[in-house]
Amino acid sequence: MEGQPTAEFIEQIRDIPIYRAALAKGHFPVLDKPEIARGFPDNWMTPRLAAALESGEAEFVLSTGTNHARMQLIRPPYFLLRSYYRLWSEHADLAATWEAGCRRVSLTTVLATEHVARVNAAKRGAAPDPVPSLADRRLDDRTSYLNLRLDPALWSRDDVVRMLHEIRTAAEAHPQGWYHLDCSGYHLAHLVRKVGEWGLWDDFPPPASIIHAYEYTPVNVRRFLHQHFACPIIDLFGSTELGYLYSSDRRGHYRPHLDQMSVELHPVAPGSTLYHLIVSSVRNPYMPLIRYRSGDCVRTTDGTPDPERIAQFAGRHKELLDARHGPVAQGDLDRCVGEATAQIFVHQLRLAGATEARLAYTTFSGAPLAPAESAALERGVAELTGRRCRLDHRPHIPIGRSGKYSWLARGEA
């Protein structure tokens, strides 16, 4: 039966309470996040899991959360890190830097840095330092975290000088000066802008490879990064609960990493070519997820629900905008912006009533768009959303509390 788990998967979930009704019926419905949370952790508890929690082979964690509620999970320690390292070690464009023993520096949300600092402080029975040292920001012998501020647009010159020094330390640990840069695309773009503004390029050793993950990276941000770095720049898609599922090659084509997994694509609305990502995974042995709706939306190269043809990870289902031609995702607006101009850096669509919208934006140069570009983009956004649109150039768009940008603001002018 299409979409149903294999006999191999069923054997690995037979004793888990949440799946008893589906096993009895011989049919597994799509599993949504509220079902995972209902009755947690008893709905997942088996003698094997209880023993793993007691021994430390399994642990309770929270999903990273962006603009939505975080979800409690159970998984092996370093589950996500091991998934990352495996992908890095097997990726055709990255494996050389893995095999060469490159250090990994991570430039992403301050929440990720704070999590590492808390873990390290807990290991020594202490409270984390309000400004954690580099030692406290080291996840393991290869990985350290750089960012100590919520909003990268507000990094000071001292912040940037410190981060560049820590990057150089990682590069100097390698005989060829190689290091691997793991980042949010937005955070790296902010760093590049500030390095250029303050004339610090001589202090920024070029990375040997780059992965951007953590959040959606817009078309224009990708272009900007490719203009400044000659190494492979790879997009990585995954989640806290699943690990990593897809990565791009250096040309932007996605390939699956579905060890112990399978994927289905379901339309978000009848006739839509925007699809929900539905994942079955036993990669996490303590919380295997069968036909789990991840909350992510994708588009394919030909509009068909073929997981081998994914062309874009288009954003979150909870953030879809209803429009007359069907639901609009973050990736749809981004494509509209990218086709109109390469100058826009951060953008946010702010809705007003049922028929109006304002596209707030910043640019890489800091200057507003030319009138012709502005008019073309206003027309494109209006056609996409069915709303009359005005552009609103701003020097700064604040980042969200999660350390990630929200592409859509409802009820704001």
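Trainee: What span should the 16 residues of helix H8 (residues 157-172) have, and how far apart are its end C-alpha atoms?

Mentor: This is a predicted model: local features need pLDDT of at least 70, side-chain atom pairs count only at pLDDT 80 or more, and totals for chains, interfaces and linings use all residues. Residues are numbered from 1 along each chain as its sequence is written, and side-chain values use heavy atoms, without hydrogens and water. Helices (H or I, at least four residues) and strands (E, at least two) are DSSP runs, numbered from the N terminus. The expected span is 1.5 Å times one less than the number of residues. For H8 that gives 22 Å, and the end C-alpha atoms are 22 Å apart, so the two agree.

Trainee: Which residues of H8 are buried?

Mentor: An α-helix has 3.6 residues a turn, so residues three or four places apart point the same way. Buried means under 20% relative accessible area, exposed over 50%, partly exposed in between (1.4 Å probe, protein chains only). In H8 the buried set is Asp159, Val160, Met163, Leu164, Glu166, Ile167, Ala170 and Ala171. Their arc is only 160 degrees around the axis, so they share the same side of H8. The arc uses directions from the helix axis to the C-beta atoms. Asp158 and Glu172, on the other side of H8, are exposed.

Trainee: What do the buried residues of H8 pack against?

Mentor: Contact means heavy atoms within 4.5 Å. The partners are strand E3 (103-107), strand E4 (143-145), strand E5 (179-183) and helix H9 (185-197).
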